[in-house]
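Hi everyone, thanks for coming. Please have a look at the sequence and the 3D structure on the screen, and then I'll walk you through a few places in it.

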Amino acid sequence: MGYRIFFLVLFLLPLFSGTRAAAADYAGVKQAVIEAYEDGKTTVDVTEYKVYNTTAGSKKIASAMAQVFNETPGIFYNGRTFSKEIIAETQQVVKIHLSYASKYKSGKAVNKKKIASVRKRLNAAAKKAAETITDDMTDIEKALLLHDYLVRKVSYSDNSKAVDRLSEVGALLQHKANCQGYSVAYLFLLEQAGIRAKCVESDKMSHMWNLVQIHSNWYHVDVTWDDSLNAANQKDQFGIVLHKNFLLSNAAVKKQGHYGFSASKATDRSYDSAFWRGVETAFWYQSGSFVYGTSSGIYSRTGIAKKAARIKAMGADCLVRYSNNRYFFISGQSIYQINLSTKKVSKKYTAPSGCYLCQLKCSKTKLFFRYYKQGQLYTVKKKI
C-alpha cells in the first residue's frame, strides 16, 4: 500500500468549491464525520467513500468538513481542524482525523461527560424556546415565533476570543453570537419543530443566514440582520424585533443587501411584501392570537394569514410581555401598560422634556428602558 502521509487543514470559515468526482461520495464522508463526532471519536475511516486528494477532491473534502464545522447543530465541540491520512501511491484519502475544542478535552482525551452536560443544557434551552409555539400552528407561524425568540434573547457579538459565538451554544446558552451562531441556533430550533432548513453563506459578505422550507418552497431568513444594533454604541436594542429579512425570495433578499450566495430554489415571492415586513416589535402568542404593535396601534390575528383586529388605537413601539395578559409598550414620550383582557391602558412613566424613549424590556420585577438626551443614550431600570 505504500507509506501514508498527513495533511493538516485549518478552517475558520466555510469553503465551497470544486467538482465532485464521479465515484466519490462526499456526502457519505460528511455523514460519517458527523456520526464520529456524535460518538466522540477522533478518527473516521472513509475508505469506502473513494475520495482522493486531487485538487478538486481536496476542495470537496474541505467543503464537506466546513459544513460539519460551521453548519451542523450538535457538533458545537468540534475543533475546526482536521487532517487526512492518504495512501501516497494512489492519493486516496483513507482516514480523517478530527480535532475537538480545547474546553471539551481532558488532556488528549475527549471529555464526553462535559459534551453530554452541555448538550443536555442545549436541549433544555430548545425546549424553552419551543414553549413559544404550539403543535397546531402553521410552519410560517412557528418559524416566525422562533425567529422572534432568538432576536429577543440573543445579542450580536463577534469577539474572536469567544469561540462559542460560532455555535448554538453561544446563542442559546450565553445569549451572544455572530451570524454563524444565530444561523446554526435557528437551524437547531427549526429542526426541533419539524421544519426543514439549512444554512446559506456568502464568502464575499463574510456572512451566514438560513434557508427555510415552507411547503415545497424555500425562503431566506436572516435572523442576525433582524436583530438590529444601536448605532450609538453597537449594542443590542431592547424591544426591537425587525422582520425585514423573514421569508424572502432571492430577488427580495438581494434588495436587502445580500450577495455572493447560491440558492437556486428560493424563487417564490409570495411573502416578499407580507405585512410583517413593517412590524418592528416581537409577535407574541396570546390566548390563541398573535399580538404585535405598530405605529398605528396594537393588533391581534387569530392566525398570521388572518385579518388583523386592532386592540388599541395608539402607537406601540417595543411591545413586550410582562405576564400572560399584561404588556408594556412605548408610545410617544411615555411607557404604558395594557391589560389585553380588559383593554385598559395605564401610564407608567413619562420621559423628561428633551428625551426620546427608544428601547424597552422587562423582567419579573424590573423595567429596563433607554432614551436619548442631547445625543447621549441612557439606560434606566425601575421596579415594577
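This is a predicted model: local features need pLDDT of at least 70, side-chain atom pairs count only at pLDDT 80 or more; totals for chains, interfaces and linings use all residues.

Residues are numbered from 1 along each chain as its sequence is written, and side-chain values use heavy atoms, with hydrogens and water left out.

Back to Asn 111. Leaving aside residues up to four places away in sequence, Asn 111 touches Tyr 104, Lys 105 and Ser 106; a contact here means heavy atoms within 4.5 Å. Asn 111 and Tyr 77 are 34 residues apart in sequence, and their C-alpha atoms are 9.9 Å apart in space.

Now the overall picture. The chain has eight helices and 23 strands. Those names come from DSSP runs, helices being H or I with at least four residues and strands being E with at least two, numbered from the N terminus. The C-alpha trace spans about 80 × 45 × 40 Å along its principal axes. Of the 384 residues, 52% count as buried. Buried means under 20% relative accessible area, exposed means over 50%, and partly exposed is in between, using a 1.4 Å probe and protein chains only. Among contacts with a separation of 6 or more, 52% are between residues 24 or more positions apart.

Next, follow the chain into helix α3, residues 112-130. With 19 residues, α3 reaches 27 Å from its first C-alpha to its last, close to the 27 Å expected at 1.5 Å a residue. The expected span is 1.5 Å times one less than the number of residues. Which residues of α3 are buried? They are Ile 115, Val 118, Leu 122, Ala 125, Ala 126 and Ala 129. Seen down the axis of α3, these buried residues fall within an arc of 100 degrees, so they line one face of the helix. The arc is taken from the directions from the helix axis to the C-beta atoms. On the other side of α3, Lys 113, Lys 120 and Lys 127 are exposed. As for partners, the buried residues of α3 pack against β4 (93-100), β6 (109-110), α4 (139-153), α5 (168-172) and α6 (179-192).

α4 has 15 residues and reaches 21 Å from its first C-alpha to its last, close to the 21 Å expected at 1.5 Å a residue. Here 12 of the 15 residues are buried, so α4 is largely enclosed by the rest of the structure. Charged residues are on that buried list too, including Glu 141, Lys 142 and Asp 148.

How is a pocket found? On a 1 Å grid over the protein atoms alone, a pocket is an open set of points where a 1.4 Å probe fits, with protein on both sides within 12 Å along at least five of seven lines, and lining residues have an atom within 4 Å of a point. The largest pocket is lined by 33 residues, and Arg 152, Lys 153, Trp 284, Arg 321 and Cys 362 lie nearest its centre. Which element gives the largest share of the lining? That is α4, with six residues. By class, the lining has 18 nonpolar, six polar and nine charged residues. Ala, Val, Leu, Ile, Met, Phe, Trp, Tyr, Cys and Pro count as nonpolar, Asp, Glu, Lys and Arg as charged, and the others, Gly among them, as polar.

Arg 80 has a positive phi of about 65 degrees although it is not a glycine. Arg 80 sits in strand β3, residues 78-87, and is buried, with a relative accessible area of 8%. Lys 343 also has a positive phi, near 65 degrees. Lys 343 lies in the loop between β19 (334-339) and β20 (344-350), and counts as partly exposed at 44% relative accessibility.
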